[in-house]
Amino acid sequence: MASRTIKAVVGLLMASLPGLFAAASAQALALVPFISPPIIAEVQILRLDATLGKAMDTGDFVGLSVAVVHHGDVRFLRTYGETEAGSGQPVDPDTVFRIASLSKGFASSLVGLAVSEDKLSFSAPVSGFAPQLALPRGGEKSLTLADILSHRTGLPPNAYDNLLEAGILPEAILPEYRKVKPTCPVSDCYAYQNIPYDLSGRALASAYDVSFPALVEDRLFKPLGMKTASYGLGGLTRTDNWARPHTRKRQADLSLPAHPWTKIEVKLPYYETPAAGGVNASIRDMAQWLNAQLGNVPEVLAPEVLDLIHAPQVSTPTETRRMREAMPDLRSSHYAYGWRVYDYAGQTVVAHGGTVDGYGAQIMFVPDLDLGIVVLSNSRSKRLWKIAPMFLDLILGLPPKDWMDLGPDGSALSAAR
């Protein structure tokens, strides 16, 4: 079917069928088999854009960037709002955001490359590249690179992140872990970390005899065409086209309008753990990163590398309980190497979220469908974390739900895959 015809039919569908789809009526479901996949895909994209536009109208965001990649193509790339509240400077595809813990996937991908090149081993002892580290009961002696990348240190969640946020450097924190009461023996259980995870960057720097940020630039950013991606505050602010972070006070009386967004200063501590949370990137960059993680750039990230880092390593029952409140169709969750792996409505989903003061980011993709989404924002709100789950329901043909809390017309369009 010609492109002009598809657009015409899509226009008719959007004009006449949204109510049918939103209601998931029997009539709408009966129509689905007779609508061609290109038309369904186009309607899904248009409905996603319309829903995000309505979400922006709530005032729940300052700036927002969203990209969808399917079969190697960037099928959707939209930006909304401003780089700074009230500035009038619009977010565009090259506006740079902090991506926080989405950074972990860059480190694990490089470790996967290093393992494939016999430069590193997942079983390598961490003591070889982090002699300052001391764990309770001498646990550092058995801690491996695999344990670091899958958060199996035996430490309680986010151990000593408070010290990092207080301005204490990681080098001074590492020996202090020996004083912490462990939650389990090393390798036995999952608990999310930032400072220990960053040791993966040290392992890579040692293996290749080059700084970790330089290695990522050479092996990932440049070959993937990620032209605005960088590490550190200098990278974030090297041009004026960067998204300023924002916060707002909680409204005690929910019947009153929300407090306005206020720009805040960029917080530096997590730039001190670059492998765990140091990357800055635009949505155009992150679309290329998503495409590579889907396996569509094998000359940079080969299938065997992706298979290594996406393979589940440890069950994360606390994550399952936390996420199931927001995603009822979540059946189980695991952590791989720098990535979360979900069983969502029977479909394997690879994902990660990231948050640091004033910024939020999320990436989710379905390898079997060669399809995924990435979201960047310079304001953290409840609706931010609903965009990717809304998209999952949309593409998996699940019953519609008003994920964005937009009222009767807020349900994402549910159609056949």
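Start by selecting Arg98 and Asn280: in strand S7, Asn280 is the bridge partner of Arg98. Keep in mind that this is a predicted model.

**The sheet.** Now select residues 279-282, which form S7. Strand S7 pairs with S3 in the antiparallel sense, over three bridges. The three strands make an open sheet in the order S3-S7-S4, with antiparallel pairing. Color S3 (96-98) and S4 (230-231) next. These two strands stand at the edges, and each has a single partner strand, so one side of each is left without a neighbour in the sheet.

**The largest core.** Move on to Phe106, Tyr177, Met286 and Trp289. These residues have the most contacts inside the largest nonpolar core, which has 86 residues. Show helix H5, residues 104-116. Helix H5 gives this core its largest share, seven residues.

**Around Tyr177.** Which residues does Tyr177 touch, not counting those up to four places away in sequence? Display Leu133, Ala134, Leu135 and Pro136, then Leu155, Ala159 and Tyr160, and finally Ile195 and Pro196.

**The second core.** Select Met323, Val366, Ile373 and Ala388. They are included in a second, separate core of 35 residues.

**The whole chain.** Zoom out. The chain has 16 helices and 13 strands. Of its 417 residues, 54% count as buried. Residues 24 or more positions apart account for 66% of the contacts with a separation of 6 or more.

Conventions
Residues numbered from 1 in each chain as written. Predicted model: local features only at pLDDT ≥ 70, side-chain atom pairs only at ≥ 80, totals over all residues. Heavy atoms only, no water. Core = buried A, V, L, I, M, F, W, Y, C linked by side-chain atoms within 4.5 Å. Buried < 20%, exposed > 50% of the residue type's maximum accessible area, 1.4 Å probe, protein only. Helix = DSSP H or I, 4+ residues; strand = E, 2+ residues; numbered from the N terminus. Contact = heavy atoms within 4.5 Å. Pairing = 2+ DSSP bridges.
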